[in-house]
Amino acid sequence: MINSTDDEKWMRYALQLADNAQDMGEIPVGAVLIKDNKVIGEGWNQSISQHDPSAHAEMLAIRSAGQSLQNYRMLDTTLYVTLEPCPMCAGLLVHSRIQRVVYGAADYKTGCAGSLMNLLNDPRFNHQIEVVSGILGEQCAEKLSAFFKLRRQQIKAQRQLANK
């Protein structure tokens, strides 16, 4: 049985993983996959450092879990991710047969777990996923906002130096 205390606990863990991405200069998104209240996979964004557009936090967490479980199906699992999954990751979640997705910050530009569209509950697919949104949403959104604010400041400073 999952309760809101567990959801907050694991989202805090995902936020810590997002710090790993930020430390690498990546967009700070973290994800952790849980089965029977144990970590079976974790990841954080690494698209820039790996030169791989598919190296999203969810993708890396699920790849790790597949190796841990020695299975390509993630039955009876919950994925905690700090940002609402994009279309690519939403498709992966459906194919992985994840039971639940819990996310923090909504993504109104590319979110496919309810914001822009909802691929996780589309009845045309053979698997639907329970979605819980907004768990530690303010903290998750603030981490992303602070990152992009700093990134914009850095770009502005570089432009000013180049124009001197």
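How many helices and strands are there in the chain?

## Overall build

This is a predicted model. The chain contains five helices and five strands. Followed along the sequence, these elements come in the pattern α-β-β-α-α-β-α-β-β-α.

The radius of gyration of the chain is 16 Å, close to the 15 Å that the globule rule gives for 164 residues, so the chain is as compact as a globular protein of that length. Along its principal axes, the C-alpha trace spans about 60 × 30 × 30 Å.

## Helices α1 and α5

Two packed helices are described by the distance between their axes and by the angle between those axes. For α1 (residues 4–23) and α5, the axes come within 11 Å and cross at roughly 10°. Angles under 35 degrees count as roughly parallel, and α1 and α5 are therefore roughly parallel to each other.

On the α1 side, the residues in contact are Met11, Leu15, Ala18, Asp19 and Gln22. They meet Gln139, Cys140, Lys143 and Phe147 in α5. Sorted by class, this contact has five nonpolar, two polar and two charged residues.

## The largest pocket

Rolling a probe the size of a water molecule over the atoms shows where empty space is left. In this model the largest pocket holds about 390 Å³ of space. Its lining is made up of 18 residues. Ile27, Val29, Leu83, Asp107 and Thr110 are the ones that lie nearest the centre of the pocket.

Which helices each supply at least two residues of this lining? They are α2 (47–50) and α5 (137–162). By class, the lining residues of the largest pocket divide into nine nonpolar, four polar and five charged.

Key. Residues are numbered from 1 along each chain as its sequence is written. This is a predicted model: local features need pLDDT of at least 70, side-chain atom pairs count only at pLDDT 80 or more; totals for chains, interfaces and linings use all residues. Side-chain values use heavy atoms; hydrogens and water are left out. On a 1 Å grid over the protein atoms alone, a cavity is a set of points where a 1.4 Å probe fits but cannot get out, and a pocket is an open set with protein on both sides within 12 Å along at least five of seven lines; lining residues have an atom within 4 Å of a point. Grid points are joined across faces, edges and corners, and a volume is the space filled by probe spheres set on the points. Helices (H or I, at least four residues) and strands (E, at least two) are DSSP runs, numbered from the N terminus. Ala, Val, Leu, Ile, Met, Phe, Trp, Tyr, Cys and Pro count as nonpolar, Asp, Glu, Lys and Arg as charged, and the others, Gly among them, as polar. Axes are lines fitted to C-alpha atoms, for helices over the stretch in contact, and angles run from 0 to 180 degrees between N-to-C directions. Angles under 35 degrees count as roughly parallel, over 145 as roughly antiparallel, 65 to 115 as roughly perpendicular and the rest as oblique. Contact means heavy atoms within 4.5 Å. The radius of gyration is taken over C-alpha atoms; the globule rule is 2.2 Å times the number of residues to the power 0.38.
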